[in-house]
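I opened the model to look up a few local features. My entries follow.

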Amino acid sequence: MDSRVNILLVDDRAENLLALGSILENPEYHLVKAHSGREALRWLLQDEEFAVVILDIRMTDLDGFETAAILREREKTRQTPIIFLTAYSQEREHVLRGYSLGAVDYLFNPPEPEILRAKVSVFVELFKKSRELKRQTELLAAAKQELESFCYSVSHDLRAPLRHIDGFVGMLRHENEAILSDSCEHYLDTITESAVRMDRLINGLLAFSRMSRVDLQRRPVGMDDLVKEVLRELARETAGRHVTWEVTPLPNVLGDRSLLSQVWSNLLANAVKYTRSRDPATIRIGSRQTNQEYEFHVRDNGTGFDMRYADRLFGVFQRLHRTEEFEGTGIGLACVRRIIERHGGRTWAHGQVNAGATFYFTLPNSQSESH
Amino acid sequence: MKRPCFTILVVEDNPEDRLLIQRAIEGTGVPAEIRLVTSGEEAIAYLKGEGQFANRAQYQYPSFLITDLKMPHGDGFSLLAFLKSTPQSAIIPTVILSASGDLDDIKKAYIMGASAYFIKPMQHVELERIMKSLIDFWMLCEVPQVDEAGKRYSTESCGKLGERFPQ
């Protein structure tokens, strides 16, 4: 691919084009010369992109202003920068009219070589940057698409064998019910449980990767309502247990409602899970505000954890307890961290073995939030 | 008229899944005839009564279809497209049983005329439950009467409510 940058020179006098061409002679530039406004339009409507158009105003047939007006009407050339070449005598009038047509700059004709070269190089740099940006955006979009179809195949094909394991173990059990020894029953149970667990892990991974791919829908979110919703969903888990919830009023933030709901859901479900042995379990939800950010926390009086492992908590598949003690896939807090990071916030935790844990996350204050 | 006998056509390329679905249907205890084919193309041949499927004594016209989506040689969507383009087949309840929980797949299946969509459950007991509800449901439903080749009996719509929408 030709990496040279296209520059279009438009003047109806051959000697002027020659002069412009020799001033701008540069191995990085591909200079295209047009002898009239019409010829310039023909060039500009082709596939090639031009970094800048140097356009003489005074041309017979179609003059520089008319040419520029047509360029501005077409989608493809609307953004192409134009440098007008104008005569001293008509400076003021030309400059005003030129800017109203979206000219980005003007030069007196004949142009000062140094100034022309300097101005053109600015547009060339700009063009290169935006070309690079466009290329990277395309690469990123391609990578995202590939990941999407990868996940699609994973969820489709990787899980099929697990389904078969469960199904065939079931048939084996069903057809041999009368003769199965207790230990064989146990083996079959273990096979089934392992398959189910593997399926959960794959689901967790897929959910985690989905969290990294979906576009954030930033809107005002009332954290009070969100927490109430999540608490309602958790009611089933806490049925029959003595759980004291202490929720202080929470602020409104700017963020993706459904993702933030998953953050609360994970943190509160964890708090419920790790206070299982407590009567009463106490779970406190609160927040504080600084100039830059909101800080939220969930504090429980549960099993807690050893601070030495505090950072591991947020890793994928990292668990500090055995599955027999507390069920789970080890993906929940990784999702929390990913979601909060995507919102521009931070996550951390404090804990002490048998003395409870506190999980913190921050979100940028929407007033100071610019992106 | 309700069906005098019940034939289920299962369209599934994976032999393990085929066996599991068959067992799940048998497990419901419903006296249904099960016919298994391995691709969309084979299913279309079955419905048209082509080749070996011309023998309707052995390959009865199905009362309903259970089909996978992702299959070589004619996927589930191409089968749905065929059913929709063939008015006599369009009246067969068509149930999608796919591993895909993808929102686009689900939406597309319904747009293309699927009667129901189920994600292949991880646990076999769950598949049995789905089969039981499906068969119970479709055995209760009234359906158009067809002859043994699957052709609808022609009726006179004159003076009836559906007259405005001729078929």
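I counted two residues as in contact if their C-beta atoms, placed from the backbone, lie within 7 Å. Helices (H or I, at least four residues) and strands (E, at least two) are DSSP runs, numbered from the N terminus. I called a residue buried if 20 or more other C-beta atoms lie within 10 Å of its own, exposed if 12 or fewer, and partly exposed in between.

This is a predicted model, so local features need pLDDT of at least 70 and side-chain atom pairs 80 or more, while totals for chains, interfaces and linings use all residues. Residues are numbered from 1 along each chain as its sequence is written, and chains are lettered from A, ligands numbered from 1, in the order in which they are written.

Entry: helix α10(A). I found nine of the 11 residues of α10 (332-342) buried. Among them are A:Cys335, A:Arg337 and A:Arg338. The buried residues pack against α7, α9 (257-274), β11 (347-351) and β12 (357-364) of chain A. Just after α10(A), I noted a positive phi of about 85° at A:Gly344.

Entry: A:Glu25. I located A:Glu25 in the loop between α1 (14-24) and β2 (29-34) of chain A. Is A:Glu25 buried or exposed? A:Glu25 is exposed, because 10 other C-beta atoms lie within 10 Å. Its C-alpha atom is 9.4 Å from that of A:Arg117, 92 residues apart along the chain.

Entry: the A-B contact. Chain A gives 14 residues and chain B gives 13. On the chain A side, α5 (113-158), α6 (160-175) and α7 (182-213) each supply at least two residues. The largest share, eight residues, comes from α6(A).
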